[in-house]
Amino acid sequence: MTATDIESGTYVVEGRLLEVCTCKAVCPCWVGLDPDGGVCDGSVVWYVDSGTVQGVDVSDRGLALLAYIPGNVLAGNWTAMVYVDDRCSEEQEKALLDVFTGGLGGPIADLAALIGEVVGVERAPFAATVQEGKGTLKIGDVVEAEFEQLVGATGRPTTLSDSVFSTIPGSPAYPGTASVYRRSGAKLGRPDIDISGYNSVQGHFRFTG
């Protein structure tokens, strides 16, 4: 049995994406343009509603990536801080990190490859709710956000598909705005964020590897 045989079919995770950043809506990073202001300070949460990783159940658990993107998103060299749901067992924490840092391949690995430095991994309480396109997000005392989808003339959510960049490859994304986005920048060596009316993104994902 080869290493490829061992790694293939090792995980299936499904859940929700919640994302906020310092770009104006709609975030230009998603279409490959430079971020507003030249840099982007984003917070991305993948909340797994159901899934297993190498036999470990990771349902109802989350992982957050707090990133400083110093230029065009596709150029990489991101600096990132990772937070893992503090309800995770050691096995669940390792499983989530293996998937979302690209260690087990699959669609998320290309995104993980854009990270130049991970400054730390810590645990924190996660709270993430979405109802009828409106939601809230809280990760310990480091991130707080409230957000709402944009809607079109028909009242249906605005959809972003087939974009050159995505944090949920293979799935449509729903851009919106965040009435609240607060983030502590200490771990990343960045200023604290406290803004309103900037970019948010929601969506669902199904990653396999």
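Author: Start with Glu19, which has its place in strand S1. Keep in mind that this is a predicted model.

Reader: What does the side chain of Glu19 make a polar contact with, then?

Author: With the side chain of Thr167, at 2.8 Å.

Reader: And which other residues is Glu19 in contact with?

Author: Setting aside neighbours within four places in sequence, the list is Trp30, Ser43, Val44, Thr167, Asn199, Ser200 and Val201.

Reader: New topic. Where is Thr22?

Author: Thr22 sits in the loop between S1 and S2. A polar atom of its side chain lies 3.0 Å from the backbone nitrogen of Asp41.

Reader: What does Thr22 touch?

Author: Not counting residues up to four places away in sequence, Thr22 touches Val39, Cys40, Asp41, Tyr181, Ile193, Ile195 and Tyr198. Two of those names come back in the strands: Tyr181 stands opposite Ile195 in S11.

Reader: OK, strands. How do S10 and S11 pair?

Author: In the antiparallel sense, over three bridges. S10 covers residues 173–183, and S11 covers residues 193–195.

Reader: Which other strands does S10 pair with?

Author: S9, residues 143–149, pairs with S10 in the antiparallel sense over seven bridges. Glu148 stands opposite Thr177 there. S12, residues 198–208, also pairs with S10 in the antiparallel sense, over six bridges. In that pairing Ala173 stands opposite Gly203.

Reader: What about the nonpolar core? Which residues touch the most other members?

Author: The largest nonpolar core has 41 residues, and Val13, Trp46, Trp78, Phe100 and Phe207 touch the most other members. Elements giving two or more residues to this core include S1, S2, helix H2 (90–100), helix H3 (108–112) and S12.

Reader: Pick Phe207. What does it touch?

Author: Leaving out residues up to four places away in sequence, Phe207 touches Tyr11, Val12, Val13, Trp46, Phe100, Pro107, Ile108, Thr167, Ile168 and Pro169.

Reader: How many residues are in the second core?

Author: That separate core has 21 residues, among them Val20, Tyr47, Ala124 and Ala145.

Key: Residues are numbered from 1 along each chain as its sequence is written. This is a predicted model: local features need pLDDT of at least 70, side-chain atom pairs count only at pLDDT 80 or more; totals for chains, interfaces and linings use all residues. Side-chain values use heavy atoms; hydrogens and water are left out. Two strands pair if DSSP finds at least two bridges between them. Helices (H or I, at least four residues) and strands (E, at least two) are DSSP runs, numbered from the N terminus. A nonpolar core is a set of buried Ala, Val, Leu, Ile, Met, Phe, Trp, Tyr and Cys residues joined through side-chain atoms within 4.5 Å. Buried means under 20% relative accessible area, exposed over 50%, partly exposed in between (1.4 Å probe, protein chains only). Contact means heavy atoms within 4.5 Å. A polar contact is a pair of N or O atoms within 3.5 Å; within protein, one must be able to donate a hydrogen and the other to accept it, and residues adjacent in sequence count only if both atoms are side-chain atoms.
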